[in-house]
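Here is a short briefing for a reader meeting this structure for the first time. Keep the sequence and the 3D view open while reading.

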Amino acid sequence: MNFQPDEEDNLYRDKLRAIAAEYGWQEMRALRDEAEELHLERFSFEFQNRLGREGLIGLTWPAPYGKGARVDQQFLMAEELECQGFPGYGLTSIQRGGGMLLRSGSEEQIAEHLPHVADGSWVYCQGLSEPGAGSDLLSLRTRAVREGDEYVINGSKLWTSTAHHANWCSLLVRTDPEQSRHKGLSLLLVDLKSPGVTMQPVWVLGGWHVNAVFYDNVRVPAKNLVGQENQGWKVITGNLDEERAMSFGGTETRLLCARLIHRLQERADTLGESDLERLGHFIMELEADRLLYLRVGLQAARGEDTSGSGPMSKVYGSELAQQFVEWAAELLGRETLYQESEDVLANDLEQQVRVATVLTVIGGTSEVQRNIVATRYLGLPRSN
Ligand SMILES: Cc1cc2nc3c(=O)[nH]c(=O)nc-3n(C[C@H](O)[C@H](O)[C@H](O)COP(=O)(O)OP(=O)(O)OC[C@H]3O[C@@H](n4cnc5c(N)ncnc54)[C@H](O)[C@@H]3O)c2cc1C
């Protein structure tokens with residue numbers, strides 16, 4: 001495969017660099033402050049709308065919603081965003097909301113939702129996990145009962161990211177409790193302004209909050225069912241595969257590593273041999289993570305099964321991020337982390353020490369991902 005950017009790739013990259021040039025460090029700081037004020041993870045509505053106006057949100061989606069770009073071009077864009085210091089995470093979660101509709105939504109749902117996703121005005125969250133149903137998602141109990149042209153939902157979800165600012169939730173509910181665990185589930189699009197929806201913040205280590213969301217006799221039009229009734233598991237596994245194929249920590253760690261090397265240039269000779277060796281290992285591993293991530297993306301674009309390779313990339317990237325930031329923090333001196341300072345590297349490192357831990361849980365824990373790699377990728381038998 002040729003890794004050199006072609007003319008079209010360069011056009012996308014130049015466009016992003018031109019947008020980046022409009023943002024000085026103060027504007028960039030303001031985007032980050034926006035995420036902090038909204039208690040969101042690396043998310044900026046202002047920036048999202050800016051990308052929407054440029055038609056860059058649905059880059060790989062077909063026209064008229066997107067530009068039909070290749071998945072490696074999207075990869076290039078995500079890397080460029082991260083390198084420029086933009087809050088790119090929010091974007092990937094929006095892209096997933098749109099991707100789910102393109103895969104499984106009806107023509108009517110696509111026509112109603114996609115234009116708003118593509119222009120950056122609607123945000124989606126994902127309501128899967130519940131108290132007692134995280135790793136073992138199939139034991140979820142939130143119930144939806146069909147009444148005429150509506151579903152009536154009762155139950156609660158835990159850990160719903162972004163719900164406090166999202167317009168819609170893709171909610172996994174049990175529509176047939178008589179069927180075996182994965183057969184009686186359905187996916188509904190729920191307008192979060194519907195009567196009966198309430199939420200409470202749940203703070204996480206990274207410094208933002210997710211939500212406990214309660215559904216009390218919430219009425220949703222039956223036309224908001226995505227896919228077939230009781231076939232929600234099929235819809236959501238496509239989403240989970242896409243989520244696990246995202247970069248979990250690798251991209252931002254490469255940026256931190258580049259900044260660290262820049263910092264060390266002036267005192268490389270003060271590093272011991274073991275630290276130099278460790279740094280060399282991290283650089284090799286970060287490159288391996290990059291290729292793994294790109295490979296999963298290309299497999300997905302070819303319509304191949306990524307249910308085994310996505311979790312492999314997820315575990316590798318998130319654990320590597322955690323190892324790198326902890327090592328870098330030791331190297332710079334842990335006291336650097338506890339100072340309020342203008343030092344961009346120290347500030348980002350401090351936050352990333354906390355975020356990297358969260359990344360090994362969000363989207364499925366490392367233990368569970370390893371189990372999936374064993375069964376799906378290696379074909380080993382399940383333990384029960
Ligand atoms: C910041 C954050 C954001 C999140 N955002 C969302 C969201 O937007 N939407 C959503 O639906 N969910 C979200 N989640 C939930 C996330 O998917 C779950 O936290 C995760 O799947 C783990 O589930 P749990 O927290 O219930 O832990 P549990 O499932 O209770 O696991 C507890 C421990 O047991 C281990 N364990 C469990 N089962 C096994 C097994 N079979 N083999 C080996 N070890 C096992 C786990 O690895 C873990 O260490 C988010 C979580 C976090 C932290």
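Helix α4 buries Asp72, Gln73, Phe75, Leu76, Met77, Glu79, Glu80, Leu81 and Glu82. Buried means under 20% relative accessible area, exposed over 50%, and partly exposed in between (1.4 Å probe, protein chains only). This is a predicted model: local features need pLDDT of at least 70, side-chain atom pairs count only at pLDDT 80 or more, and totals for chains, interfaces and linings use all residues. Residues are numbered from 1 along each chain as its sequence is written, and side-chain values use heavy atoms, leaving out hydrogens and water.

**Helix α4**
- The 13 residues of α4 should span 18 Å at 1.5 Å a residue, and its end C-alpha atoms agree, being 18 Å apart.
- The expected span of a helix is 1.5 Å times one less than its number of residues.
- Just after α4, Gly85 has a positive phi of about 85°.

**Helix α8**
- Helix α8 covers residues 250-264, which makes 15 residues.
- From first C-alpha to last, α8 reaches 21 Å, close to the 21 Å expected.
- Its buried residues are Gly250, Thr251, Glu252, Thr253, Arg254, Leu255, Leu256, Cys257, Leu260 and Leu264.
- The cover over these buried residues of α8 includes α4 (71-83), α9 (273-301), α10 (309-332) and α11 (344-359).

**Gln369**
- Gln369 is found in helix α12, residues 366-377.
- Gln369 counts as buried because its relative accessibility is 0%.
- Beyond its neighbours within four places in sequence, Gln369 is in contact (heavy atoms within 4.5 Å) with Arg244, Pro311, Lys314, Val315, Gly363 and Gly364.

**The whole chain**
- The protein chain has twelve helices and eight strands.
- Helices (H or I, at least four residues) and strands (E, at least two) are DSSP runs, numbered from the N terminus.
- Of its 384 residues, 51% count as buried.
- Among contacts between residues at least 6 apart in sequence, 71% join residues at least 24 apart.
- The C-alpha trace spans about 75 × 50 × 45 Å along its principal axes.
- The radius of gyration is 21 Å, which agrees with the value near 21 Å for a compact globule of 384 residues.
- That radius is taken over C-alpha atoms, and the globule rule is 2.2 Å times the number of residues to the power 0.38.
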